[in-house]
Amino acid sequence: MNLDEYRTVFVAGSLVLMLIAATPTVSLIMVVSSGGGERFSELWLLGPNHMAEDYPFNVGVNETYRVFAGVGNHMGSSSYYLVYAKFRNQTQPVPDVMASEPSSLPSLCEFRFFVADGETWESLLTFAFQNVSLQGDSVLVGNVSINDATFSVNSYSMWDSENQGFYYQLFFELWLYDITSRSFQYHNRFVGIWLNMTSF
Amino acid sequence: MAKSASKLLVLLIILAFSASIFTTGILASNSEDTAATSIERAENALVSAYQAVLEAERVGMDVAALLTRLNEAGESLIKAQVAFTLRDFDEAIRSADLCYEVGEDVKSQAEELLLVAYSSSVMGNWLTVTGSLASVIVIVFGSFWGWHVFKRRYIRRVLKKKPEVAKDESR
């Protein structure tokens with residue numbers, strides 16, 4: 001090897017050593033500035049057997065039904081969630097996914113909880129209907145109970161001749177606490193189950 | 001005389017009843033205001049505690065236990081709100097105060113964690129950056145020095161070599 005070739009080897013070796021020495025600082029900078037990947041939350045509803053099947057559908061008065069609601073946090077940090085339970089008939093509004101707007105219906109009840117990043121929250125929800133009556137070609141649901149707390153809804157549902165039933169939807173909206181605005185913001189996620197009122 | 005005395009007695013009784021109704025109304029209104037204030041204070045404490053926990057988590061501290069306690073505080077707050085809706089103001093105040101106490105406790109624990117994290121992480125980061133920088137400087141100067149030493153020896157070795165005269169075998 002001549003002197004120029006030796007110099008190339010020296011320069012390359014020095015650069016490699018410098019890179020190795022700078023690695024701790026570079027990794028520190030990368031950790032501080034890294035975004036942490038995609039951030040999202042999950043919201044799910046499972047049936048009474050804790051599976052995505054056998055959801056309550058044909059429902060009646062004074063019967064108790066069970067579902068499991070769950071939330072998964074992948075936001076990169078601990079999060080403060082709020083889940084609103086809402087009840088509607090076929091004509092009342094659902095959340096607008098495109099506009100990220102929640103349903104304008106009032107909530108029956110709410111669940112607030114903190115979830116660590118990568119962790120989940122799950123709760124058993126029992127619900128029942130009271131004061132249900134048939135009035136002409138529509139059904140009136142007076143009260144809905146969720147986890148033994150009773151809420152007045154007084155919601156009418158017209159007979160759906162196409163799907164042969166009186167349909168209602170019990171749905172859950174996910175809201176996330178925003179530190180900047182110091183308030184809960186709709187997180188653009190909702191799940192629900194359709195219910196056909198079959199006995200009054 | 002007896003007639004006027006009985007009238008006075010009736011008047012006194014009416015006054016006593018109306019006063020009790022008036023006082024009850026004021027007390028209920030006071031309880032409602034107190035409960036509303038307690039709930040608002042509890043909500044603020046919960047949010048402040050959450051912010052402190054987030055800060056502690058951001059600097060790498062384990063906040064799992066604090067989140068569990070925040071959830072306890074959150075349950076108390078929900079109880080307070082439900083009790084307020086049912087106009088059970090005593091229960092609302094009790095639950096809101098419990099939420100406030102837990103929230104404040106969590107906040108102070110999170111701030112302690114934050115202090116520990118800051119002092120250890122600042123020292124750790126300083127050591128890392130300084131050590132790294134010092135190593136790079138040593139390598140740069142070492143490389144220059146090493147290269148000069150090597151070059152000098154290389155040239156000396158080359159100069160020591162005697163030129164060889166090759167025989168001309170073509171003759």
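Please keep in mind throughout that the model is predicted.

Let me begin with chain B, which has 3 helices and 0 strands, so that, read from the N terminus on, its elements run α-α-α. Of the 171 residues in chain B, 23% are buried, and among the contacts in this chain between residues at least 6 apart in sequence, 76% join residues that are at least 24 apart.

I turn next to the pair formed by H2(B) and H3(B). The axes of these two helices come within 8 Å and cross at roughly 160 degrees, and because angles over 145 degrees count as roughly antiparallel, H2(B) and H3(B) are described as roughly antiparallel to each other. Their crossing is left-handed. On the H2(B) side, the residues that meet H3(B) include Leu66(B), Leu70(B), Ala73(B), Leu77(B) and Phe84(B), while on the H3(B) side the residues include Phe89(B), Cys99(B), Val102(B), Val106(B) and Ala110(B). Sorted by class, this contact has 15 nonpolar, 4 polar and 4 charged residues.

Which residues touch the most other members of the largest nonpolar core? In that core of 59 residues, they are Val53(B), Leu70(B) and Cys99(B). If we take Val53(B) and leave aside its neighbours within four places in sequence, its contacts in chain B are Val63(B), Leu66(B), Leu67(B), Leu70(B), Val106(B) and Ala110(B), and it is also in contact with Ser78(A).

Seen from chain A, Ser78(A) is placed in the loop between strand E3 (65–74) and strand E4 (79–89). Is Ser78(A) buried or exposed? It has 23 C-beta neighbours inside 10 Å and therefore counts as buried. Beyond its neighbours within four places in sequence, Ser78(A) is in contact with Phe114(A), Val115(A), Ala116(A) and Asp117(A) in its own chain, and with Val53(B), Leu54(B), Glu57(B), Val63(B) and Leu67(B) in chain B. The C-alpha atoms of Ser78(A) and Tyr156(A), which are 78 residues apart along the chain, are separated by 40 Å.

For another pair of residues, now in chain B, consider Glu40(B), which lies in helix H1 and, with 11 C-beta neighbours inside 10 Å, counts as exposed. Its C-alpha atom and that of Leu77(B), 37 residues apart along the chain, are separated by 9.6 Å.

Asn62(A), in the loop between strand E2 (58–60) and E3, has a phi near 60 degrees, a positive value in a residue other than glycine, and with 11 other C-beta atoms within 10 Å it is exposed. Gln164(A), in the loop between strand E8 (149–160) and strand E9 (165–178), has a phi near 55 degrees, again a positive value in a residue other than glycine, and with 9 C-beta neighbours inside 10 Å it counts as exposed.

Methods:
Residues numbered from 1 in each chain as written. Chains lettered and ligands numbered in written order. Predicted model: local features only at pLDDT ≥ 70, side-chain atom pairs only at ≥ 80, totals over all residues. Core = buried A, V, L, I, M, F, W, Y, C linked by C-beta atoms within 7 Å. Buried ≥ 20, exposed ≤ 12 C-beta atoms within 10 Å, placed from the backbone. Contact = placed C-beta atoms within 7 Å. Axes fitted to C-alpha atoms, helices over the stretch in contact; angles between N-to-C directions. Helix = DSSP H or I, 4+ residues; strand = E, 2+ residues; numbered from the N terminus. Parallel < 35°, antiparallel > 145°, perpendicular 65-115°, else oblique. Left-handed = near helix turned anticlockwise from the far one by under 90°. Nonpolar A, V, L, I, M, F, W, Y, C, P; charged D, E, K, R; others polar.
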